[in-house]
Amino acid sequence: MAKIGVEQSLTDVQEALRERGYEVVPLGGEQDARGCDCCVITGLDANIVGIHNIVTSGPVIEASGLTAEEICQKVEEKLR
C-alpha cells in the first residue's frame, strides 16, 4: 500500500488513512515527506513545514475545509 505523509495536526486523517491500510508518516518537515506517494497538509503552515519546496512525483493535498473522509477519497483518486 502507498506511503502517505500527513501533517502532524491532522490526527483524524492519519487514523482514517491507517484504517484503509495506508502507511502513514507524520510530517514535521520537508525531510519527512521524502519517499511519500502523496502528502496531506493543512495549508495553514505549508510554508513553515516546507512542503512547497519538495520535489516529489506524488501529489500534495490541502486539507483545509475537508473532512477526513473527503481527504481519503482525494488521496485514493490521486493515487489511481
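The model is predicted: local features need pLDDT of at least 70, side-chain atom pairs count only at pLDDT 80 or more, and totals for chains, interfaces and linings use all residues. Residues are numbered from 1 along each chain as its sequence is written, and side-chain values use heavy atoms, with hydrogens and water left out. Four strands form an open sheet with parallel pairing, in the order β2-β1-β3-β4.

**Sheet**
- Helices (H or I, at least four residues) and strands (E, at least two) are DSSP runs, numbered from the N terminus.
- Two strands pair if DSSP finds at least two bridges between them.
- The edge strands, β2 and β4 (60–62), each pair on one side only.
- On average, neighbouring strands are turned by 25° against each other, direction ignored.
- β1 and β2 (residues 23–27) run parallel, joined by five bridges; here glutamate 7 faces leucine 27.
- From β1 the chain passes through α1 to β2 in a right-handed β-α-β crossover. Right-handed means that, with the strands pointing away from the viewer, the path from the first strand over the helix to the second runs clockwise.
- Three bridges link β1 and β3, also in the parallel sense. Glycine 5 stands opposite cysteine 39, and isoleucine 4 opposite cysteine 38.

**Helices on the sheet**
- α1 touches β1, β2 and β3, and its direction makes about 165° with that of β1.
- α3 touches β1, β3 and β4, and its direction makes about 155° with that of β3.
- Axes are lines fitted to C-alpha atoms, for helices over the stretch in contact; angles run from 0 to 180 degrees between N-to-C directions.

**Cores**
- A nonpolar core is a set of buried Ala, Val, Leu, Ile, Met, Phe, Trp, Tyr and Cys residues joined through side-chain atoms within 4.5 Å. Buried means under 20% relative accessible area (1.4 Å probe, protein chains only).
- The largest core has 17 residues; Ile4, Val6, Val13, Leu17, Val40 and Val75 touch the most other members.
- β1 (3–7), α1 (11–19), β3 (38–41) and α3 (68–79) each supply at least two residues. The largest share, four residues, comes from α3.
- Beyond its neighbours within four places in sequence, valine 13 contacts Val6, Val40, Ala68 and Ile71 (heavy atoms within 4.5 Å).
- Another core, of six residues, lies apart and includes Val25 and Cys39.
- Four of the five β1 residues are buried.

**Confidence**
- pLDDT, the predictor's confidence in each residue from 0 to 100, averages 85 over the protein chain, and 82% of the residues score at least 70.
- Confidence is highest in α1, at 97, and lowest in α2 (residues 46–49), at a mean of 50.
- Where pLDDT is low, the predicted coordinates should not be read in detail.

How values were computed
Buried < 20%, exposed > 50% of the residue type's maximum accessible area, 1.4 Å probe, protein only.
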